[in-house]
Amino acid sequence: MSLDVTRAEPHLHEARRRLEHARASRLAQLRALDETGLSPDDHLLLAQRAAMERALKEIEEAFMRVDDGSYGICVGCAKPVPAERLEILPYTRHCVACQRRTA
């Protein structure tokens, strides 16, 4: 059974909107990098591309958490991730304390 986030709590609709914006931004950044004609010797641009691809993967995983109802719950401590953190980094899986422990 799939959760209809348009009818769910308003914060889930807002979360989906933020995630869609983050995904569109990363995709635009990737297109811009691709247009520069990356060379295998350009380690900085290759690192940026890899970071954007990781962020896109995390964004897709966040969409799945919205759908399964676990969005906004820290995977480290199972406590709610503060709304302020989700506003800044909508695809985060961790609260600040748990993120520090995983870094």
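**Figure 1. Helix 2 in the predicted model, seen along residues 43-68**. In this predicted model, helix 2 is built from 26 residues and reaches 37 Å from its first C-alpha to its last, which is close to the 38 Å expected at 1.5 Å a residue. The residues of helix 2 that are buried are Met52, Ala55, Leu56, Ile59, Ala62, Phe63, Arg65 and Val66. Glutamate 58, also found in helix 2, is partly exposed, with a relative accessible area of 33%. Just after the helix comes glycine 69, whose phi is positive, at about 90 degrees.

**Figure 2. The whole chain, as a setting for the close-up views.** The protein holds four helices and zero strands, so that from the N terminus on its elements can be written as α-α-α-α. Along the principal axes, the C-alpha trace spans about 45 × 35 × 25 Å, and 27% of the 103 residues count as buried. Among contacts between residues at least 6 apart in sequence, 47% join residues that are at least 24 apart.

**Figure 3. The largest nonpolar core and isoleucine 59**. In soluble globular proteins, nonpolar side chains tend to be buried together. Here the largest nonpolar core has 16 residues, and those with the most contacts inside it are Leu19, Ile59, Ala62, Val66, Tyr71, Cys74 and Tyr91. Helix 1 and helix 2 each supply at least two residues of this core, and the largest share, five residues, comes from helix 2.

**Figure 4. The largest pocket and its lining**. Rolling a probe the size of a water molecule over the atoms shows where empty space is left. The largest pocket contains about 210 Å³ of space, and 13 residues line it, of which His11, Tyr71, Gly72, Ala83 and Leu86 lie nearest its centre. Two or more lining residues come from each of helix 1 (10-35) and helix 3 (83-88), with helix 1 giving the most, four residues. Sorted by class, the lining has eight nonpolar, two polar and three charged residues.

**Figure 5. Two loop residues, threonine 92 and alanine 78**. Threonine 92 is found in the loop between helix 3 and helix 4 (96-102), and this threonine counts as buried because its relative accessible area of 6% falls under the 20% limit. Not counting residues up to four places away in sequence, threonine 92 touches Arg65, Val81, Arg85, Leu86 and Gln99. Alanine 78 lies in the loop between helix 2 and helix 3, and alanine 78 counts as exposed because its relative accessible area of 58% is over the 50% limit. Most residues other than glycine have a negative phi. The phi of alanine 78, by contrast, is near 65 degrees, a positive value in a residue other than glycine.

Notes. Residues numbered from 1 in each chain as written. Predicted model: local features only at pLDDT ≥ 70, side-chain atom pairs only at ≥ 80, totals over all residues. Heavy atoms only, no water. Expected span 1.5 Å × (residues − 1). Buried < 20%, exposed > 50% of the residue type's maximum accessible area, 1.4 Å probe, protein only. 1 Å grid on protein atoms, 1.4 Å probe; cavity = no way out; pocket = protein on both sides within 12 Å on 5 of 7 lines; lining within 4 Å. Points joined across faces, edges and corners; volume = space filled by probe spheres on them. Nonpolar A, V, L, I, M, F, W, Y, C, P; charged D, E, K, R; others polar. Core = buried A, V, L, I, M, F, W, Y, C linked by side-chain atoms within 4.5 Å. Contact = heavy atoms within 4.5 Å.
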